[in-house]
Amino acid sequence: MNKIIRLHIIIYIIAAMMLPACSSHREVVSANSNIETQQQRPGKRSPILSLLAESYTSWHDVYLPVSLNIKTPVSMGISGRATLVRDSLIHISMRMLGIEVAVAHVTPDSVWLVDKFHHYLCAAPIAAITGPNNLSLSDIQDMLLGRAFYPGRGTFSTNYDAGSLFNVQPDGDLLKATPRRLPSSHNWYFILNDVPQLQAFCVTISDKAQFSLNYSNLNSATPAGSAAAKVDATGSFGSLNLHAVVEWNFPKAKWDSNRTENWEVPTSGYKRISASQLISALRAQ
């Protein structure tokens, strides 16, 4: 596979990490029992979801190293740095041999994916990523950091009763929290343990469009509260299967330093390609 396609895969998987499309058929790491076993009735407060909400704190920005290990459709690793500004920015710069080769820049309105080495540019409205779930940028940030959220209300917090919005049922040794109101077109849910900690976020749109984010190396001592240092993403989009592992280096993270990114959209010398063209290129390999 040539280098151009490899870089396209890097860019695409960075975007795919933000997609709310995931598999309902997955394996999760078991936790000890003694967890909540009753299905929650409408209006009944869920103690374990309240405890999960209490494990999160507010944050403004973070700048930290990130590594991406791609397993499918190719096997390769790449590292870089990410800037996340709460509610307003996700900026991921990926590097090879110290040279920036790919950028993902996400704002509340737009998604920009750039192959700087070969001068390819892919742009889309953020609705192309959030799809029918109407996710906000802060929701996408929570997905990437392993924090539970409810679309339109943000991260679980003591400001609202997450337990009134979910049915909580046993799922083996773990718990499955499914929203009480689901669109007819797809299904999504969280898996958590009894600590409580988030173990996975999953959405199934169809049998050909599924994605799962599985969380591990959970750290409860970050300035944002509980967060996952390792995110294992698997999914399928038609005939394209993806598997990638993202690892955040929290020990080297700089939190709440009023970080900004003075990034500008390339204006010349780049060939614009659509997301569908990028996917078609991957499927052809």
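Biologist: Not counting residues up to four places away in sequence, which residues does Glu100 touch?
Modeller: The model is predicted, so local features need pLDDT of at least 70 and side-chain atom pairs count only at pLDDT 80 or more, while totals for chains, interfaces and linings use all residues. Residues are numbered from 1 along each chain as its sequence is written, and side-chain values use heavy atoms, with hydrogens and water left out. Contact means heavy atoms within 4.5 Å. With residues up to four places away set aside, Glu100 touches Ser93, Met94, Arg95 and Lys116.

Biologist: In which strand does Glu100 lie?
Modeller: Helices (H or I, at least four residues) and strands (E, at least two) are DSSP runs, numbered from the N terminus. Residues 99-106 form the strand that holds Glu100, and this is β4.

Biologist: With which side chains does the side chain of Glu100 make polar contacts?
Modeller: A polar contact is a pair of N or O atoms within 3.5 Å; within protein, one must be able to donate a hydrogen and the other to accept it, and residues adjacent in sequence count only if both atoms are side-chain atoms. Another, at 2.7 Å, joins the Glu100 side chain to that of Lys116.

Biologist: Is Gln197 buried or exposed?
Modeller: Gln197 sits in the loop between β11 (187-192) and β12 (198-206). Buried means under 20% relative accessible area, exposed over 50%, and partly exposed in between (1.4 Å probe, protein chains only). Gln197 has a relative accessible area of 18%, so the residue is buried.

Biologist: How far apart in space are the C-alpha atoms of Gln197 and Leu52?
Modeller: Gln197 is in contact with Leu52, as well as with Ile191, Leu192 and Leu218, leaving aside neighbours within four places in sequence. Gln197 and Leu52 are 145 residues apart in sequence, yet their C-alpha separation is 6.6 Å.

Biologist: What is included in the cover of the buried residues of α2?
Modeller: Helix α2 spans residues 47-54, and its buried residues are Ile48, Leu49, Ser50, Leu52 and Ala53. Their cover includes β9 (166-171), β10 (174-179), β11 and β12.

Biologist: What is the relative accessible area of Ile140?
Modeller: Ile140 belongs to helix α4, residues 137-145. Ile140 is buried because its relative accessible area is 0%.

Biologist: What share of the residues in the chain is buried?
Modeller: The chain has five helices and 17 strands. Of its 285 residues, the buried share is 54%.
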